[in-house]
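Please look over the model shown here. A brief report follows it.

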Amino acid sequence: MVEQFEIFVGFLGFWALVLFVVTVWLEMTGQSALWWALGLAAVLAAMGGLWALRRRVLRRHTDDAEQ
Amino acid sequence: MAATATLPRTATAPARRKRFDWGQVRTYISALIILVWCLLPAYWMIVTAFRDTAFTFDSSFWPTHVTWDNFATVFDESLGNHFGRNLLNSLIVAGVTTVVALVVGVFAAYALARLNFRFKFAVMGFILGASMFPGVALVTPLFQLFTNIGWMGSYQAMIIPDISFTLPLTVYTLTSFFREMPWELEESARIDGCTQGQAFRKIILPLAAPATFTTAILAFIGAWNEFLIASQLSSDATRPVTVAIAYFAGAQPHQEPYTAVMAAGTIVTVPLVILVLVFQRKIVAGLTAGAVK
């Protein structure tokens with residue numbers, strides 16, 4: 001379960017990197033980067049959510065094991 | 001009592017007639033439909049490849065006006081076709097791509113499957129994301145980059161992007177195989193005095209041969225069929241067959257040489273068909289290896 005979360009985080013991480021590079025490049029060349037930056041924010045939010053979910057699953061798993 | 005009552009009945013019962021298995025018939029019909037669906041374009045390619053140019057658009061299903069002239073046209077350098085050279089180029093690009101992707105992929109897959117480090121699965125997800133990157137988005141930046149560094153039209157201009165396309169497949173296939181391999185083999189080798197590197201080289205790698213072989217063939221087919229990048233980054237001297245076919249010149253000017261193109265397509269397909277037929281067993285063994293423990 002945790003493995004699948006991590007794979008998905010990595011998958012989103014790649015696209016976050018792509019969006020980051022494109023956003024920086026557009027900013028540096030003086031072009032509009034708003035939608036790319038919003039896309040990057042959405043992907044980062046999704047990554048954060050997934051990571052929080054992963055931690056919750058891990059904690060529940062640890063609690064179950066202790067009980 | 002019940003037993004004695006049933007015994008004579010079973011002894012005298014007429015032999016059961018074998019029931020007609022509709023399920024099996026359905027399976028065969030489905031297999032036949034898939035087979036025809038997949039092979040029909042290849043059949044049409046071969047039939048047209050052997051058809052006289054004057055009858056290119058003959059819609060007869062069976063071979064008619066059979067000739068070998070189209071295959072001669074394919075290799076006719078006076079028409080501007082350099083198909084032998086193009087075949088060699090494809091072999092170089094696909095061969096080098098396969099070797100590099102395998103060497104890097106085997107080590108990466110072993111590390112991902114056997115070593116414990118943080119964010120191991122995130123790395124796999126990252127590779128999965130990279131494999132889904134649309135190739136067409138890379139053409140323009142690569143064109144600019146390779147022009148700037150003077151690599152346009154060189155072999156490495158095609159090999160490096162091809163490696164990036166085949167590497168995710170290599171890593172994924174091999175990782176799943178390495179993960180299912182019993183740890184005990186490696187531990188026994190370590191106990192017998194092998195270093196981790198020796199255990200990998202002498203024990204793990206030979207056992208992974210079927211999976212490695214399958215991955216090599218899949219990577220080779222992928223690199224051999226690559227068109228998009230090669231169409232933009234190759235030159236006359238380094239043009240692979242997939243692109244060369246698109247530039248084909250026939251015997252008549254201003255006439256698309258469909259029959260020669262089909263002949264070239266047939267020639268290009270032959271090495272792949274031979275490769276798959278010869279190593280069919282190894283491919284199946286490699287693909288199913290690690291499926292069950």
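## Basis

This is a predicted model, in which local features need pLDDT of at least 70, side-chain atom pairs count only at pLDDT 80 or more, and totals for chains, interfaces and linings use all residues. Residues are numbered from 1 along each chain as its sequence is written, while chains are lettered from A and ligands numbered from 1 in the order in which they are written.

## Chain B overall

Chain B has 14 helices and 0 strands. Helices (H or I, at least four residues) and strands (E, at least two) are DSSP runs, numbered from the N terminus. Of the 293 residues in chain B, 29% are buried (20 or more other C-beta atoms within 10 Å of the residue's own, with C-beta atoms placed from the backbone).

Contacts require C-beta atoms, placed from the backbone, within 7 Å. Among contacts in chain B between residues at least 6 apart in sequence, 75% join residues at least 24 apart.

## Domains of chain B

The domain assignment gives domain 1 (22-67) and domain 2 (72-288) in chain B. Such bounds come from an automatic or database assignment. Over C-alpha atoms, the centres of the two domains of chain B are 29 Å apart.

In chain B, 7 residues of domain 1 are in contact with 7 residues of domain 2. The domain 1 side has 3 nonpolar, 3 polar and 1 charged residues. Here Ala, Val, Leu, Ile, Met, Phe, Trp, Tyr, Cys and Pro count as nonpolar, Asp, Glu, Lys and Arg as charged, and the others, Gly among them, as polar.

## Helix pairs

Helix α7 (residues 155-180) of chain B packs against helix α10 (residues 209-224) of chain B at about 160°, with axes 10 Å apart. Therefore α7(B) is roughly antiparallel to α10(B) (an angle over 145 degrees). Axes are lines fitted to C-alpha atoms, for helices over the stretch in contact, and angles run from 0 to 180 degrees between N-to-C directions. The α7(B)–α10(B) contact has 8 nonpolar, 6 polar and 1 charged residues. F165(B) and L169(B) are among those from α7(B), and L218(B) is one of those from α10(B).

Helix α2 (residues 22-49) of chain B meets helix α13 (residues 258-278) of chain B at about 120°, with axes 8 Å apart. The α2(B) and α13(B) helices are therefore oblique to each other. Contact residues include M45(B) and I46(B) of α2(B), and Y258(B) and M262(B) of α13(B). The α2(B)–α13(B) contact divides into 6 nonpolar, 4 polar and no charged residues.

## Chain contact

The contact takes 10 residues from chain A and 10 residues from chain B. The chain A side that touches chain B has 6 nonpolar, 2 polar and 2 charged residues.

Definitions and conventions:
Contact = placed C-beta atoms within 7 Å. Parallel < 35°, antiparallel > 145°, perpendicular 65-115°, else oblique. Buried ≥ 20, exposed ≤ 12 C-beta atoms within 10 Å, placed from the backbone.
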